[in-house]
There are 2 protein chains.
Amino acid sequence: MGEPYHLDRHPLLIVISGPSGVGKDALLWRLKEHSSLFHFVVTATDRAPRPGEVHGVDYYFVTTEEFVAMIEEDELLEHAIVYGQRKGIPKQQVREAMASGKDVIMRIDVQGAATIRRLVPEAVQIFLAASSEQELEERLRNRGGDSPDQLEKRLATAREEMHQLAEFDYVVINRDGELDQAAQDVLAIIRTEHCRTKPRVVEL
Amino acid sequence: MGEPYHLDRHPLLIVISGPSGVGKDALLWRLKEHSSLFHFVVTATDRAPRPGEVHGVDYYFVTTEEFVAMIEEDELLEHAIVYGQRKGIPKQQVREAMASGKDVIMRIDVQGAATIRRLVPEAVQIFLAASSEQELEERLRNRGGDSPDQLEKRLATAREEMHQLAEFDYVVINRDGELDQAAQDVLAIIRTEHCRTKPRVVEL
């Protein structure tokens with residue numbers, strides 16, 4: 001019988017998406033506390049850093065010119081313009097992490113997740129949701145940095161994005177004060193995906 | 001947005017199967033320590049109790065006549081003769097537990113799991129495997145109670161059963177001394193299945 005399942009353990013590509021303000025960044029920080037077995041994709045963006053954000057950790061902050069050059073050199077797995085800001089996933093970074101056997105976790109907006117789904121159907125797609133629209137609105141207000149117009153735009157987009165829920169494999173609810181429960185959900189999903197009898201083999 | 005996902009939480013039917021001697025019973029005992037959220041199906045059988053086995057806990061021990069009557073009254077979800085002994089799942093017990101909102105866990109041999117898969121395709125099917133044939137053989141020897149002929153028969157059956165692995169959703173490896181890891185795998189699978197955007201709605 002041997003160990004046929006154990007031997008061919010395939011690294012996963014895990015997409016964590018959801019509306020703006022739902023807590024994707026906070027969830028990723030919590031996951032980073034839990035395990036060093038993952039590679040967390042660092043997204044490239046041409047937007048300005050928010051207070052406290054660190055280049056190479058939160059994002060690769062690049063100029064718009066540098067971003068456009070990466071597109072032209074086909075160095076981005078996916079890229080999109082969201083609220084006038086460019087965001088993209090450096091392709092080589094994902095390949096290298098998976099080649100080293102690590103599960104790769106990427107945080108991406110809902111529009112980007114749709115692109116990844118088309119390009120990499122084997123990716124595990126997780127939709128992070130607030131427990132209600134009110135909760136999401138409060139979080140966006142508390143985060144600050146948005147004008148009333150921007151806030152309204154984000155909420156309208158969030159409402160639209162909820163309709164794409166069924167396109168994802170899993171939905172994880174990020175309830176107020178229960179971030180660790182959401183993190184435990186994601187860890188359970190990753191553990192479970194490694195138990196599948198038909199593994200999702202990612203080819204980039 | 002409301003809580004559309006949270007509100008329609010569907011109870012799961014979880015099938016735990018695998019070769020004779022792989023540790024299904026030990027795994028179930030471990031799971032019982034972890035959670036009171038589950039209902040563990042008590043199988044009916046006409047075989048004699050092994051030392052320490054309790055009626056109504058390990059099995060419903062019935063006479064062959066009583067067992068046949070249950071079949072005739074269509075009271076069994078599934079039944080089979082394994083090694084000359086009858087085993088069956090009382091249907092009403094499963095319905096009642098799910099109606100109360102509990103996830104139902106049933107331990108069943110590989111032959112029975114195939115029947116459940118046909119009758120209840122929405123069931124979550126977990127195959128419990130030893131990490132090697134040698135390990136399985138040792139466990140069967142240590143368990144005792146089998147003649148050399150019976151032992152050889154069980155091992156031959158186990159080899160055949162491994163070919164049905166791909167018919168299951170998940171494979172969990174029960175390594176020597178790592179029963180808790182196997183239990184954690186199963187708990188992760190259950191947690192994950194409740195996060196599916198397309199829940200498996202069981203109808204019996």
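His39(B) stands opposite Val104(B), a residue of strand β7(B), in a model that is predicted. Strand β2(B) and β7 (residues 103-107) of chain B run parallel and are joined by 3 bridges; two strands pair if DSSP finds at least two bridges between them. Strands (E, at least two residues) and helices (H or I, at least four) are DSSP runs, numbered from the N terminus. In chain B, 5 strands form an open sheet with parallel pairing, in the order β2-β7-β1-β8-β9. Its edge strands, β2 (38-40) and β9 (170-173) of chain B, each pair on one side only.

Residues are numbered from 1 along each chain as its sequence is written, and chains are lettered from A in the order in which they are written. In this predicted model, local features need pLDDT of at least 70 and side-chain atom pairs count only at pLDDT 80 or more, whereas totals for chains, interfaces and linings use all residues.

Between the chains, 27 residues of chain A are in contact with 27 residues of chain B, contact requiring that C-beta atoms, placed from the backbone, lie within 7 Å. On the side of chain A that touches chain B, α1 (4-7), α7 (148-162), β9 (170-173) and α8 (179-193) of chain A each supply at least two residues. The most comes from α8(A), with 5 residues.

Within α7(A), Ala158(A), Glu161(A) and Met162(A) are buried, whereas Asp149(A), Ala156(A) and Glu160(A), on the other side, are exposed (buried: 20 or more other C-beta atoms within 10 Å of the residue's own; exposed: 12 or fewer). The cover of the buried residues of α7(A) includes α5 (110-119) and α6 (133-143) of chain A.

Note on methods: Two residues are in contact if their C-beta atoms, placed from the backbone, lie within 7 Å.
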